[in-house]
Amino acid sequence: MDNLSSLSGAQKDELMDQVKQQIAVANAQELLTKMTEKCFKKCISKPGTSLDSSEQKCIAMCMDRYMDSWNLISKAYSMRIQRERSRM
């Protein structure tokens, strides 16, 4: 922790930006992993070398719904954080 106190304001800002970017990448990876797992389980009954048209359609619809849900939850979470910050 002593190392942090010796950083300048600009260095601290740069460090925070790097941490935020790493968190964003981790969140995107988690989203992709969970979406893939859930949609695969829902849509693929017999894994093979290719997807038939119904599996392709199911995957596309599943991913769209998952992304819509993720975006809705993310917006609600952001709004909640903003409300809580404005109360302080």
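Helices here are DSSP runs of H or I with at least four residues, strands are runs of E with at least two, and both are numbered from the N terminus. Read from the N terminus, the order of the elements is α-α-α. The radius of gyration is 20 Å, well over the 12 Å that the globule rule gives for 88 residues, so the protein is more spread out than a compact globule. That radius is taken over C-alpha atoms, and the globule rule is 2.2 Å times the number of residues to the power 0.38.

A word on what you are looking at. This is a predicted model, in which local features need pLDDT of at least 70 and side-chain atom pairs count only at pLDDT 80 or more, while totals for chains, interfaces and linings use all residues. Residues are numbered from 1 along each chain as its sequence is written, and side-chain values use heavy atoms, with hydrogens and water left out.

Back to the overall form. Along the principal axes, the C-alpha atoms fill a box of roughly 60 × 35 × 15 Å. How many of the residues are buried? Of the 88 residues, 11% count as buried. The word "buried" means under 20% relative accessible area, "exposed" means over 50%, and "partly exposed" is in between (1.4 Å probe, protein chains only).

Now for a label from a record. UniProt, in an unreviewed entry, places the feature "domain: Tim10-like" at residues 18-78. UniProt positions are given in the numbering used here, feature names are shortened, and annotations may be inferred rather than shown by experiment. In this model the span 18-78 is 85% helix and 0% strand, and its end C-alpha atoms lie 20 Å apart.

Next, look at the charges. There are 14 positive and 11 negative side chains, and the centres of the two sets lie 9 Å apart. Lys and Arg count as positive, Asp and Glu as negative, and His and the chain ends are not counted. Each charge is placed at NZ of Lys, CZ of Arg, CG of Asp or CD of Glu.

How many salt bridges are there? The count comes to two, where a salt bridge is a side-chain nitrogen of Lys or Arg within 4 Å of a carboxyl oxygen of Asp or Glu. One pairs K34 with E30, with the closest N and O atoms 3.8 Å apart. K34 and E30 both sit in helix α2 (residues 9-43), four residues apart, which is about one turn of the helix. K34 is partly exposed at 36% relative accessibility, and E30 is partly exposed at 36% as well. Another salt bridge joins E84 and R80 (3.2 Å, N to O). E84 and R80 both belong to helix α3 (residues 53-87), again four residues apart, about one turn of the helix. E84 counts as partly exposed, because its relative accessible area is 38%.

F40 is in helix α2 and is partly exposed at 40% relative accessibility. From F40 to M79 there are 39 residues along the chain, and their C-alpha atoms are separated by 31 Å. M67 is found in helix α3 and is partly exposed at 29% relative accessibility. M67 and D52 are 15 residues apart in sequence and 23 Å apart in space, C-alpha to C-alpha. The C-alpha atoms of D68 and E84, 16 residues apart along the chain, are separated by 24 Å.
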